[in-house]
Amino acid sequence: MKDHPASWRMPTPKQMEKLAIEAVRRKPAAGFAEIDAADMPPEYWESVLNDPYADFRPAGLPIQQQRLSEISRHVLRVSCRRCDRVIDIQTADAVRLYGRHTTWKEAGMRLLDDGCRQRTGSREDDGCWPNFETP
């Protein structure tokens, strides 16, 4: 085995500049020429516009990122993926305990804060892995 430093495989900064300038000068490959929208057949555009997923938009923020005052559900549930502990709390109680501007993720993490039942022995790895479910 040879004792080369890791840098022997990397180009020098001067070589990297040369490669970047060369890449800018080169023209794009002929296979990737831009296609004009007028060249597309009308059937293509009809299928694109009739696609049922074209109007799909997510319903906003995921529940973990919503503030407790914005959540319309009556009961919130958080569980641990490691020890399978499940905690249900009413939204009104969560607002009273943690405040209306706290996100559900922060409140759920506080509910699971007392530690996971499944210990690894490492302080960094101990703790629950939250899963925010819909009851």
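Asp 84 sits in the loop between β1 and β2, where strands (E, at least two residues) and helices (H or I, at least four residues) are DSSP runs numbered from the N terminus. This residue has a positive phi of about 60° although it is not a glycine. As a point of reference, most residues other than glycine have a negative phi. Asp 84 also counts as exposed, at 61% relative accessibility; buried means under 20% relative accessible area, exposed over 50%, and partly exposed in between, with a 1.4 Å probe and protein chains only.

A word on the model itself is in order. The model is predicted, so that local features need pLDDT of at least 70 and side-chain atom pairs count only at pLDDT 80 or more, while totals for chains, interfaces and linings use all residues. Residues are numbered from 1 along each chain as its sequence is written, and side-chain values use heavy atoms, with hydrogens and water left out.

Taken as a whole, the protein chain contains 4 helices and 3 strands, arranged along the sequence in the pattern α-α-β-β-α-α-β. Of its 135 residues, 21% are buried. The chain exposes about 11,500 Å², of which carbon and sulfur atoms supply 53%; these areas come from the Shrake-Rupley method with a 1.4 Å probe, and for residues only the protein chains shown count as cover. Among contacts (heavy atoms within 4.5 Å) with a separation of 6 or more, 62% involve residues 24 or more positions apart.

The strands form an open sheet in the order β2-β1-β3, with antiparallel pairing; two strands pair if DSSP finds at least two bridges between them. At the edges are β2 (86–90) and β3 (130–133), each of which pairs on one side only. From one strand to the next, the twist averages 25°. Strand β1 (residues 75–80) is joined to β3 in the antiparallel sense over 4 bridges. Along this pairing, Val 78 is opposite Phe 132, and Ser 79 has Asn 131 as its bridge partner.

Helix α3 (residues 91–98) lies across β1 and β2 and runs at about 85° to β2. Helix α4 (residues 104–111) lies across β1, β2 and β3, at about 55° to β1. Here axes are lines fitted to C-alpha atoms, for helices over the stretch in contact, and angles run from 0 to 180 degrees between N-to-C directions.

In soluble globular proteins, nonpolar side chains tend to be buried together.

The loop between α3 and α4 holds Thr 103, which is buried, with a relative accessible area of 16%. Leaving aside neighbours within four places in sequence, Thr 103 is in contact with Gln 64, Gln 65, Gln 66 and Arg 67.

Turning to charged pairs, the count of salt bridges comes to 2, where a side-chain nitrogen of Lys or Arg must be within 4 Å of a carboxyl oxygen of Asp or Glu. One of them joins Arg 77 and Asp 88, at 2.8 Å from N to O. Because Arg 77 lies in strand β1 and Asp 88 in strand β2, this pair ties together parts that are 11 residues apart in sequence. Both partners are partly exposed, Arg 77 with a relative accessible area of 24% and Asp 88 at 42%. Another salt bridge links Arg 96 with Asp 93, with the closest N and O atoms 2.9 Å apart. These residues are 3 apart in helix α3, so about one helical turn separates them. Arg 96 is exposed, with a relative accessible area of 63%, whereas Asp 93 is partly exposed, at 25%.
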